[in-house]
Each structure stands twice: as structure tokens, then as C-alpha cells.
Amino acid sequence: MFFLFIILEVFSILLVVKYNGYQKSVAFGQFDEISGSFHRTYNNLWEYFNLKKINHDLAEENARYRKMLPSAFLITDSLVHYKNDTLYRQHYQYVSAQVISNATNTAANYIQLDKGLMQGLNKDMAVISPKGIVGTVVNVSNNFAWVMSILNKESRISVQIKKNAQIGTLAWEGGSYLYASLKDIPTHVSVLKGDTVFTSGYSHVFPKGEMVGTISEVSIKPGEHFYTIQLRLAVDFNSLGHVYVVRNLLREEQTKLQEANKNE
């Protein structure tokens, strides 16, 4: 009897809606609300379960854009210009990759990426994130890469204070994954809390101008001629996801010239 009652009730409502304009408009309005709510929920669920693919696609797109930035090119002639000239020669290429393992709590922290030789990666390539530098590739297999994080006591990277162009060395001495040390900055120059630090471009690994971090503490020990500087790193290494591996297209040429100069 109960089900019969429900069927008759539904049938009665349908008759009312069908032959009364006002009730019909109200009913369709309610239907649109329910339908819209359903589609919105479905769409939100679809976006949630597709976040991984969306992030991957965005990373690939960003890598393509980075290849077109002026910083990825080397200016080879500043005087002569042609319609189809060679004023800019590409210096760096960027390959997006996913972090699949990462350590921050040892003295020698490493990161593993999901790309390797088959995707164009090799040793001594820089690894960066959208926020700043991450580390250097130290070993590769066909499909994976092993990266020495800048949170590694063996890591040394040439960096530069933005405001005064002073060159120093980025080193990590253990402790928090949020901080590192900036070394070799002489005390006769002005260094202030809040100054930003970027890669210097002096090595053949990192492009010039990649974000490193912000100076958080500055002090001078008695008798020292160099500052003791603590740097707040730009990258949160505890939440690394997508990164970019940087290929220096002119590295071989630069290295050969450097070696030739040493031998003379």
C-alpha cells in the first residue's frame, strides 16, 4: 500500500505540473537547481581526480615557456641585427619532471626524479622549481635521475646578492630544511636582512638569476673578515612536486675552454 501511495502521489504531482503554468515553472526551476548542483558536484569530483594530470600538463607547458624566456638565450651580438639574425642563441633547455622520492632529514639529502637518459637528462644538470633552485643531477639511469639536493653538506653553489652583485657560496650545514648559509661575503660591503639572493651564473650548471632565498640573519664574529649569514630558502623542500631539469646547451664548449685555460 505504501508504494502504491507513493506512485499515486508522484502521478498527481505530474498532472498538476503538466496542466498548470505556474507550478510547471516552479518545478522546472527546482529541476534546474538540482541538475546544476549535480553537475557542479560531478565537475568538482572530476577536477579533483584529474589534478595529477592537470599539474603535469601545466608543468610541461611551463617548461616550454621557460625555453622562450630571454634568460634561456645567449646574446652573441649586440650591434648587428638582421630580420633572420643570430642575435640570440639558445643557451638552456628545460625538461619537466616529477619528484618521486625526497629526503630532508639527513646530512646528505637526495631527490629522485621520474625521468632519465631516455628523456634527455644527464649528470651535472641543474634542477629548479617554480620558486627557486633545488639541486644538481649526480646520477641517471634510463628512466630515473638522482639529484643532490642543496640540502646536502657536499653541495656548493655560486650565488649573488641582488642589490650589490656580491658573489658568495651557498652551503647547507644541517639542521632545518628551511635555511642554509651564505658564505664568502666580505664585511666591508653592506648586507641587510631581507636582501634577496640569486644564482650568479658563474658555474656551468645553474642559469644566472634563479631565485635562491632571502637573507634572514646577518652577524660578524670577532676577528672574522666575512659575514655569518643565514638564508631563508625560497623552496619548501618538504612539499616538492614538479621540478624542471635545466640543460646547458653550451656546457661542453664552456668546459673545454676552462680546461684548456688550466693547462696553459
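Strand S8 is largely enclosed by the rest of the structure, because 4 of its 5 residues are buried. The model is predicted, and in it S8 takes part in a barrel that 6 strands close in the order S8-S9-S10-S13-S12-S11, with antiparallel pairing.

**The chain as a whole**

- The protein chain contains 4 helices and 14 strands, and 33% of its 264 residues count as buried.
- Among the contacts in the protein chain with a separation of 6 or more, 56% are made by residues 24 or more positions apart.
- The protein chain exposes about 16,800 Å², of which carbon and sulfur atoms supply 57%.

**Strand S8 and its partners**

- Strand S8, residues 157-161, is joined by 4 bridges to strand S9, residues 167-171, and the two run antiparallel.
- Within this pairing, Ser158 stands opposite Thr169 in S9, while the bridge partner of Gln160 in S9 is Ile167.
- The hairpin of S8 and S9 has 5 residues between the strands, and in this hairpin Ala165 takes a positive phi near 65°.
- S8 is also joined by 3 bridges to strand S11, residues 196-199, again in an antiparallel arrangement, and there Val159 stands opposite Thr199 in S11.
- In a regular strand the side chains alternate between the two faces of the sheet.

**Ser216 in strand S12**

- Ser216 is found in strand S12, which covers residues 211-219, and S12 belongs to the barrel that also includes S8.
- Which side of the burial cut-off does Ser216 fall on, buried or exposed? Ser216 counts as buried because its relative accessibility is 16%, and the cut-off for buried is under 20%.
- Leaving out residues up to four places away in sequence, Ser216 touches Tyr179, Lys193, Gln230, Leu231 and Arg232.

**The largest nonpolar core**

- The largest nonpolar core has 46 residues, and those with the most contacts inside it are Leu113 and Leu170.
- Strand S3, residues 92-102, gives the most to this core, with 5 residues.
- When neighbours within four places in sequence are set aside, Leu170 is in contact with residues including Ile157 and Val159, and also with Ile133, Ile150, Ala180, Val212, Leu231 and Leu233.
- In soluble globular proteins, nonpolar side chains tend to be buried together.

- Strand S5, residues 126-128, and strand S14, residues 242-248, pair in the antiparallel sense over 3 bridges, and Ile128 stands opposite Tyr244 in S14.
- Val137 lies in strand S6, residues 133-140, and counts as buried because its relative accessibility is 0%.
- Apart from residues up to four places away in sequence, Val137 touches Asn122, Lys123, Asp124, Met125, Val127, Ala145, Trp146, Val147 and Val245.
- Val137 and Tyr110 are 27 residues apart in sequence, and their C-alpha atoms are 9.6 Å apart in space.

**The aromatic pair**

- How many aromatic pairs are counted in the model? The count comes to 1 aromatic pair.
- Tyr110 and Trp146 form this pair, which is stacked, with 5.8 Å from centre to centre and 15° between the planes.
- The pair links distant parts of the chain, with Tyr110 in strand S4, residues 108-113, and Trp146 in strand S7, residues 145-152, the two being 36 residues apart.
- Tyr110 counts as partly exposed because its relative accessibility is 25%, and Trp146 is also partly exposed, with a relative accessible area of 35%.

Notes
Residues are numbered from 1 along each chain as its sequence is written. This is a predicted model: local features need pLDDT of at least 70, side-chain atom pairs count only at pLDDT 80 or more; totals for chains, interfaces and linings use all residues. Side-chain values use heavy atoms; hydrogens and water are left out. Two strands pair if DSSP finds at least two bridges between them. Buried means under 20% relative accessible area, exposed over 50%, partly exposed in between (1.4 Å probe, protein chains only). Contact means heavy atoms within 4.5 Å. Accessible areas come from the Shrake-Rupley method with a 1.4 Å probe; for residues, only the protein chains shown count as cover. A nonpolar core is a set of buried Ala, Val, Leu, Ile, Met, Phe, Trp, Tyr and Cys residues joined through side-chain atoms within 4.5 Å. Rings of Phe, Tyr and Trp (its six-membered ring) pair if their centres lie within 6.5 Å; planes under 30 degrees apart count as stacked, over 60 as edge-to-face and the rest as tilted.
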